[in-house]
Amino acid sequence: SIPNSMIMNELPKSLEELYSILDKTKICIDFDNRINSLVAASRGCFNITSYENTLIGYYERINSTESIDQIILNCLHQIDKDKTIEQIDFIKQHYSFDIFAENLTKIISHISKEVFLL
């Protein structure tokens, strides 16, 4: 068993609480959601996934959970802090909430104008 580990079966009630947990975490293991990995990576976590994740570039992909303990221990000793920092910067540049909010506002404005013209 892995010391100091936890399983999150459901998300915390607030984003701040989630960030607080992730900020204390070194590795995030996710088997079905690229967004979970993206959020964890944005907080400096190294990711272990069962899928190809094109949203992030620095992670470990596994095919089997049979040796997950050893995989985690190997990752803990090989995490490259510089690559983690580069990944955080990449995420901030490409997945900025401000850019998302701006694009969403443009889309809603465009749809509203189309509806008004109809």
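**Figure 1. Nonpolar surface patch of the predicted model, formed by Phe97, Phe100, Leu104 and Ile108**. Together, these four side chains present about 430 Å² of accessible area. Ile108 belongs to helix H5, which spans residues 97-117. Ile108 has a relative accessibility of 48% and therefore counts as partly exposed, since the exposed class requires over 50%.

**Figure 2. The open sheet of three strands, in the order E1-E2-E3**. The strands pair in parallel. Strand E1 (27-30) and strand E3 (59-61) stand at the edges with a single partner strand each, so one side of each has no neighbour in the sheet. Neighbouring strands are turned against each other by 20 degrees on average, direction ignored.

**Figure 3. Pairing of E1 with E2, and the helix lying across them**. Strand E2 comprises residues 46-49 and is joined to E1 in the parallel sense by four bridges. Ile27 has Phe46 of E2 as its bridge partner. Helix H2 (residues 34-42) lies across E1 and E2 and runs at about 160 degrees to E2.

**Figure 4. Salt bridge between Asp23 and Arg43**. The closest N and O atoms of this pair are 2.8 Å apart. Asp23 is partly exposed at 44% relative accessibility, as is Arg43 at 30%.

**Figure 5. Salt bridge between Glu52 and Arg61**. Here the closest N and O atoms are 3.1 Å apart. Glu52 is partly exposed, with a relative accessible area of 45%; Arg61 is partly exposed at 42%. A search of the whole structure finds two salt bridges.

Methods:
Residues numbered from 1 in each chain as written. Predicted model: local features only at pLDDT ≥ 70, side-chain atom pairs only at ≥ 80, totals over all residues. Heavy atoms only, no water. Patch = residues over 30% accessible without salt bridge, like charges linked within 9 Å, V, L, I, M, F, W, Y side chains within 5 Å. Areas by Shrake-Rupley, 256 points an atom, 1.4 Å probe, with all protein chains shown as cover. Helix = DSSP H or I, 4+ residues; strand = E, 2+ residues; numbered from the N terminus. Buried < 20%, exposed > 50% of the residue type's maximum accessible area, 1.4 Å probe, protein only. Pairing = 2+ DSSP bridges. Axes fitted to C-alpha atoms, helices over the stretch in contact; angles between N-to-C directions. Contact = heavy atoms within 4.5 Å.
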